[in-house]
Amino acid sequence: MNNPKTQTNASESPFLSMLMATEPAVRARLADADATVGQRLRRERRLVALDVALGDLSGALDFRAVTARLTAFADRALDTAIAAAVDERVPGAAPTGFAAIALGKQGSGELNYSSDIDPIFLYDPDTLPHREREDVADAAVRIGRRVLELLQHRDADGYVLRVDLRLRPSPEVTPIAIPIDAAIGYYESQALPWERAAFIRARACAGDMALGRRFLDAIRSFVWRRSLDFGAVREILDITRRIRDHHAQGQAFGPGFDLKRGRGGIREVEFFAQIHQLIHGGREPALRAPATLDALAALAAAGRIAPDDAAALSDAYVLLRTIEHRVQMIDDRQTHALPTGDALDRVARLHGLVDGTALLDLLAPHVARVAATFDRLAPADTGAVPIDPDRLATSLSAAGFDDVTQAAQRIAAWREARYPALRSAAAQDALEAVLPGLIAAIGRSPAPATALMRLDRLLERLPTAINVLRLLEARPALARLLAELLSHAAPLADELSRRPDLLDGLIDASALAPVGAVDDLAAEMAAIECGADYQSMLEHVRRVVGDKRFALGAQIVAGAADPLDVAAGYARVADAAVGVLARATVDEFARAHGVVPESELVILALGRFGGAALTHASDLDLVYLFTGDFNAESDGAKPLGATLYYNRLAQRVTAALSVPTAAGPLYPVDTRLRPSGAQGPLVVSLDSFARYQREDAWTWEHMALTRARPVFGSDAARAAVTAVVADVLSGNRPARDIAADAATMREEMARHKPPQGPLDAKLLPGGLVDLEFAVHVAQLTRRIAFDPDMGRAIDALVAGGAATPAWRRAHDLLTRLLVTVRLVAPDVQEPADAATRMLIARALGCADWDAVLAGLAAVRDTVGDAWKESIAWKPSPT
């Protein structure tokens with residue numbers, strides 16, 4: 001473990017370097033008898049991560065040993081958390097009646113270095129310990145939530161495990177812990193083919209192991225069917241290929257390659273094995289090995305796959321997974337994509353190679369072999385039975401359509417090929433194949449007539465409908481989600497009509513997971529083919545941003561995420577887009593005009609973008625600055641003075657962010673918050689900006705400055721801008737009657753921008769604008785609590801005695817309402833459809849629509865009082 005080469009390699013990873021530096025202290029804290037369960041597990045995880053990484057890098061642990069140790073820790077941690085959660089609720093009780101079923105790589109004993117885990121929580125109502133007079137179902141959910149908290153909470157020692165519970169039955173409607181009999185009933189009668197594949201790797205891993213094994217025994221016939229099931233194979237193949245196409249869009253093998261989902265990647269090895277297991281495992285129990293390497297060996301031994309295929313796929317799998325570990329070791333991130341530039345070289349050196357080129361050369365033949373092997377699989381024909389036209393009305397009525405006549409007329413028009421997208425024989429075949437499932441999905445949706453009308457509009461605009469229809473045929477769950485989107489979210493329906501390929505991004509379960517960190521998103525946006533031009537970069541970024549924003553909107557409709565988290569996700573996507581496009585534009589501009597020596601462009605975000613909480617329809621409030629001497633000149637073939645240079649450059653950055661292309665629009669950009677507003681130059685030097693803010697800026701400009709956040713520029717430049725902002729906000733600014741100025745501004749705004757409807761969370765009296773004004777006045781008059789994040793700023797005001805906790809509750813409800821309504825009621829009127837009202841209520845955490853209205857009225861009163869208190873406050877005489 002102390003091999004010098006290992007130490008050198010580990011130095012390429014900031015995360016491992018940090019772990020090595022703090023190891024003695026962590027080991028000492030691990031022995032702390034007063035540490036909580038969560039603290040002990042977090043500290044143990046750090047040591048396991050370090051020990052496994054060093055064993056891996058030194059060669060003391062091979063791939064199987066690495067994944068086995070990581071899985072063993074995950075099992076132990078999950079079991080400990082369950083026992084602790086049960087004991088907290090019922091002291092002294094054994095953890096009976098509550099079990100965790102491991103799926104995915106935990107189930108197969110193949111966890112990644114930075115994997116999440118995908119368990120299903122089950123409970124037995126007859127044996128689960130619970131408090132007196134406590135509903136057993138509520139007790140199970142509370143135990144599950146406490147387990148999540150113990151494993152996912154972060155502190156100075158990091159976290160234990162990321163947990164994803166979305167592989168449980170119908171996660172959009174079921175609680176996080178499910179009664180065992182209900183789970184068995186679901187898998188016996190309702191589960192989909194892809195869920196069969198997921199359970200190939202299932203095992204009882206924690207809690208009441210006997211309960212877990214009883215569940216798996218009960219559903220064995222669901223997973224392993226004696227008859228050959230090529231229908232399941234077709235679905236898995238189709239899904240896999242679409243995932244491959246989606247994630248390979250705009251990139252070839254090379255830097256940025258997705259090791260997991262790319263063509264020839266990890267997932268294709270796993271699915272190759274699972275497809276053959278599903279076909280033959282019902283009759284041949286020896287093929288039911290959960291681990292991928294064991295499954296490949298068993299399939300080869302049974303003659304179900306060629307021995308050379310098994311050997312090649314096994315070798316590729318070990319290498320791809322090992323490099324995936326190296327990527328994750330760098331910063332302990334759950335990422336699967338090869339980095340680019342210097343970061344790729346670091347991964348290579350961590351693996352003992354010279355540079356990134358050597359790493360790509362090592363991977364390339366394995367990736368090619370996996371892709372070629374997977375390509376040989378052919379989908380089976382499911383032979384769907386079409387709906388008889390004479391029985392269409394009956395089928396529509398049975399499915400839940402109220403206006404059967406209108407629905408039948410629309411479908412008849414499709415069958416008559418009135419739209420170009422449906423005129424080919426292949427399109428008509430695809431329509432008939434998907435129609436039974438599509439009618440059923442739309443009929444079960446909250447607003448069948450609306451969903452069918454928007455689907456009709458989509459089909460009318462498509463050049464061809466074949467791909468969309470085949471996708472919906474292969475993925476019934478996606479058809480159900482599509483029906484929900486079409487029922488509730490007109491903006492998403494419109495985006496689909498422009499880009500039907502957006503549906504492909506929802507195939508993968510990760511679409512309903514939080515979007516990644518800004519750096520990971522930026523790497524995905526920057527990952528285009530070598531030699532691609534600037535216009536190709538603009539198109540690629542728009543496609544990625546469109547995918548992410550569509551998926552984030554789908555999360556709200558599906559109830560898969562808190563709108564506050566979605567708002568933060570929208571902002572991370574915008575951060576990444578600004579960074580990638582600004583860098584590409586700067587480089588493109590420099591080809592003609594060079595660079596200004598000792599100078600650079602800095603972009604400052606304000607408003608909701610500065611606060612890192614956007615909506616689906618947000619614009620970006622930007623201020624462009626530049627560092628260095630404004631008298632300087634660029635050094636290119638066509639030199640420009642610094643001021644002209646940066647004003648032209650900023651115009652191009654704005655165009656890169658806002659001008660629609662073939663891939664669609666990106667963001668409206670608003671630069672009116674710059675010094676002197678629309679009358680001033682687009683870009684000013686940092687010195688000019690500082691002087692303006694300190695000497696000339698008005699109160700409204702200082703209020704805007706409270707949410708300022710640099711989003712582009714070097715670390716040094718960002719620090720310089722941040723220092724200017726902090727200096728101004730802390731008091732180096734003109735003395736003004738802030739409260740009076742703010743009150744005048746708010747009255748003026750109310751006259752010129754009245755609320756547009758009863759759900760206008762932003763402009764209603766007592767809405768977000770009033771709350772923001774109250775917060776900014778409190779910040780500027782007291783000179784405290786400056787944080788671009790409005791929620792954190794309010795928390796700081798509460799801690800300083802300048803606000804009450806009710807301010808934060810008002811902020812959260814109003815923000816959730818704003819983010820949700822932008823999607824499902826963009827006219828800010830109360831939805832006529834009861835299902836959409838319930839969607840809004842669910843997003844706000846309310847029981848029903850009456851609770852929404854009551855909650856909105858209450859927080860408006862709170863904000864009204866906060867606004868009055870804020871402008872009435874006077875500092876104590878000194």
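A polar contact is taken here as a pair of N or O atoms within 3.5 Å, where, within protein, one must be able to donate a hydrogen and the other to accept it. In the predicted model, such a contact, of 3.4 Å, joins the side chains of R707 and E772. R707 is placed in the loop between α30 (699–705) and β10 (709–712). The relative accessible area of R707 is 7%, and because buried means under 20%, this arginine counts as buried. Apart from neighbours within four places in sequence, R707 is in contact with A605, L606, G607, R608, G610 and G611, as well as with E772, H776, P788 and M790.

The secondary structure of the chain as a whole amounts to 37 helices and 10 strands. With a radius of gyration of 29 Å, close to the 29 Å given by the globule rule for 878 residues, the chain is therefore as compact as a globular protein of that length. The C-alpha trace spans about 85 × 75 × 70 Å along its principal axes. Of the contacts with a separation of 6 or more, 74% are between residues 24 or more positions apart.

Buried residues account for 56% of the 878 residues. The accessible surface of the chain is about 35,100 Å², and carbon and sulfur atoms contribute 52% of this surface. Charged side chains comprise 98 positive and 113 negative groups, with the centres of the two sets 1 Å apart.

Conventions: Residues numbered from 1 in each chain as written. Predicted model: local features only at pLDDT ≥ 70, side-chain atom pairs only at ≥ 80, totals over all residues. Heavy atoms only, no water. Helix = DSSP H or I, 4+ residues; strand = E, 2+ residues; numbered from the N terminus. Rg over C-alpha atoms; globule rule 2.2 N^0.38 Å. Buried < 20%, exposed > 50% of the residue type's maximum accessible area, 1.4 Å probe, protein only. Contact = heavy atoms within 4.5 Å. Areas by Shrake-Rupley, 256 points an atom, 1.4 Å probe, with all protein chains shown as cover. Lys, Arg positive; Asp, Glu negative; His and termini not counted. Charge placed at Lys NZ, Arg CZ, Asp CG, Glu CD.
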